[in-house]
Amino acid sequence: MKSKIEWCPGCGNFGVLKAFRRVIERLESDGVERGRIVSVAGIGCHGRMPDYLDIPTFHTIHGRVLPLMTGIKLANPELLVSGFSGDGDALNEGMEHFVHAAKRNTDVALFLHNNQVFGLTTGQFTATTPRGKKTRTTPAGNPEWPINPALIALVSGATFIARGFAGNVSQLSDLMYGAIRHRGFAFVEILQPCITFNNTWDHYRENVYVAEPAESFDEAVKLVSDEMATGLLFRTEKQTFEETLLSSLKVPKKVVKRI
């Protein structure tokens, strides 16, 4: 660990950090050098994640996690690139990058910390805040319908879609590991309570369940629409953005070590 952890006691980020550290150890046991595991974080409470990881990391500006991840992967396809982003960071500030990364099938893994609130800036509503929820910027209740991040990823073309819960570290670690090993755009939505501004620990503990992966796109639409369904929800295969682009530019093909 590089520095003292500064998250609120009880923050869901602790579960995410613990899960990802297990992923790093698992990749190393597979023979992956730690220097090949690169991660990016955006702006928000999750953005301190790079401070607590002993791997190459970047802390980028608001909403720009995916462009940086894409650039890193294009510059060196041998790297295993993952990124952490909050619901405000990815879906308010960076929605266009989210949709286009999924459409391109960029070979990276995005982990979305979905706590349904801007926690770092003390409790404003975000794109995933439930309708009617009272926040500091919606004191009479949020008038908007929330976005379902996994559904956006699915209809945009993501080839690996999963949902985990910060309170189930073992399951979450397996999902993150699977996402990094997947060839193509992998998206893991993490249901994460914000202990200070949106404490949903009891709600998730009582309602989340583990689902079986959908076997078709139509089944996946129904499955990801159930926001309490966790696990690997949908997976398919298609050519990645890097394979397509480097091939069209006639860049000499290089053998890429995966895992």
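**Exercise 1. Work out the strand order of the sheet and find which strands stand at its edges.**

Step 1. The open sheet has 8 strands, in the order β2-β1-β3-β4-β6-β5-β8-β7, with mixed pairing. Strands (E, at least two residues) and helices (H or I, at least four) are DSSP runs numbered from the N terminus, and two strands pair if DSSP finds at least two bridges between them. The model is predicted: local features need pLDDT of at least 70 and side-chain atom pairs count only at pLDDT 80 or more, while totals for chains, interfaces and linings use all residues. Residues are numbered from 1 along each chain as its sequence is written, and side-chain values use heavy atoms, leaving out hydrogens and water.

Step 2. Ser82 has Ala109 in β4 as its bridge partner.

Step 3. Helix α6 packs on the sheet and touches β3, β4, β5, β6, β7 and β8 (229-235); contact means heavy atoms within 4.5 Å. The direction of α6 makes about 160 degrees with that of β5, where axes are lines fitted to C-alpha atoms, for helices over the stretch in contact, and angles run from 0 to 180 degrees between N-to-C directions.

**Exercise 2. Identify the residues with the most contacts inside the largest nonpolar core.**

Step 1. A nonpolar core is a set of buried Ala, Val, Leu, Ile, Met, Phe, Trp, Tyr and Cys residues joined through side-chain atoms within 4.5 Å. Buried means under 20% relative accessible area, exposed over 50%, partly exposed in between (1.4 Å probe, protein chains only).

Step 2. The largest core has 38 residues, and Phe20, Phe84, Phe111, Met176 and Val188 have the most contacts inside it. Elements that each supply at least two of its residues include α1 (13-29), β3 (80-86) and α6 (169-181).

Step 3. Leaving aside residues up to four places away in sequence, Val188 touches, among others, Phe111, Phe160 and Leu172.

**Exercise 3. Describe the surroundings of Asn114.**

Step 1. Asn114 is in strand β4 and counts as buried, at 2% relative accessibility.

Step 2. The side chains of Asn114 and Glu189 form a polar contact of 2.9 Å. Such a contact is a pair of N or O atoms within 3.5 Å; within protein, one must be able to donate a hydrogen and the other to accept it, and residues adjacent in sequence count only if both atoms are side-chain atoms.

Step 3. Beyond four places in sequence, the residues that Asn114 touches include Asp87, Thr128 and Pro149.
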